[in-house]
Amino acid sequence: MNIHRAQEILAADEKIHVELNGLPVWIDSVDTGKAVAKVHAEENPADSRVVAVKELEEVH
């Protein structure tokens with residue numbers, strides 16, 4: 001995923017499915033300067049981490 005798409009998903013009103021290594025995640029924030037996003041697992045909001053945006057995949 002690119003940084004601009006991650007920002008669009010973060011700002012979207014509707015739910016857009018995103019995965020990290022096959023695990024459904026929510027994007028909490030995007031750092032455009034570092035090209036990273038803070039995400040958390042859908043099933044476990046306490047499981048948050050910062051990952052490279054390019055590791056995220058939009059699921060259609």
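These legends accompany close-up views of a predicted model.

Local features are given at pLDDT of at least 70 and side-chain atom pairs at pLDDT 80 or more, while totals for chains, interfaces and linings use all residues. Residues are numbered from 1 along each chain as its sequence is written, and side-chain values use heavy atoms, without hydrogens or water.

**View 1. The open sheet of 5 strands.**
The strand order is β4-β3-β2-β1-β5, with antiparallel pairing. Strands (E, at least two residues) and helices (H or I, at least four) are DSSP runs, numbered from the N terminus. Two strands pair if DSSP finds at least two bridges between them. The edge strands, β4 (44-52) and β5 (56-58), each pair on one side only. Neighbouring strands are turned by 45° against each other on average, direction ignored. Axes here are lines fitted to C-alpha atoms, for helices over the stretch in contact; angles run from 0 to 180 degrees between N-to-C directions.

**View 2. Two strand pairs in detail.**
β1 and β2 pair in the antiparallel sense over 3 bridges. Glu 19 stands opposite Pro 24 in β2. β3 and β4 also run antiparallel, joined by 6 bridges. They form a hairpin with 2 residues between them. Lys 38 stands opposite Val 50 in β4.

**View 3. Helix α1 on the sheet.**
α1 packs on the sheet and touches β1, β2, β3 and β5; its direction makes about 100° with that of β2. Ile 3, Ala 6 and Ile 9 of α1 are buried (under 20% relative accessible area; exposed is over 50%, partly exposed in between; 1.4 Å probe, protein chains only). They lie on the same side of α1, because they cover an arc of only 120° around the axis. That arc is taken from the directions from the helix axis to the C-beta atoms. The face turned away from the buried side carries the exposed residues His 4 and Ala 11. At the N-terminal end, Asn 2 caps α1: a side-chain oxygen lies 3.0 Å from the backbone nitrogen of His 4.

**View 4. The largest nonpolar core.**
This core has 13 residues. Such a core is a set of buried Ala, Val, Leu, Ile, Met, Phe, Trp, Tyr and Cys residues joined through side-chain atoms within 4.5 Å. Val 18, Leu 20, Val 25, Ile 27, Ala 37, Val 39 and Leu 56 have the most contacts inside it. α1 (3-11), β1 (18-20), β2 (23-31) and β3 (36-41) each supply at least two residues. α1 gives the most, with 3 residues.

**View 5. Surroundings of Ile 27.**
Leaving aside neighbours within four places in sequence, Ile 27 is in contact (heavy atoms within 4.5 Å) with Ala 6, Ile 9, Leu 10, Val 18, Ala 37, Lys 38, Val 39 and Leu 56.

Key
A polar contact is a pair of N or O atoms within 3.5 Å; within protein, one must be able to donate a hydrogen and the other to accept it, and residues adjacent in sequence count only if both atoms are side-chain atoms.
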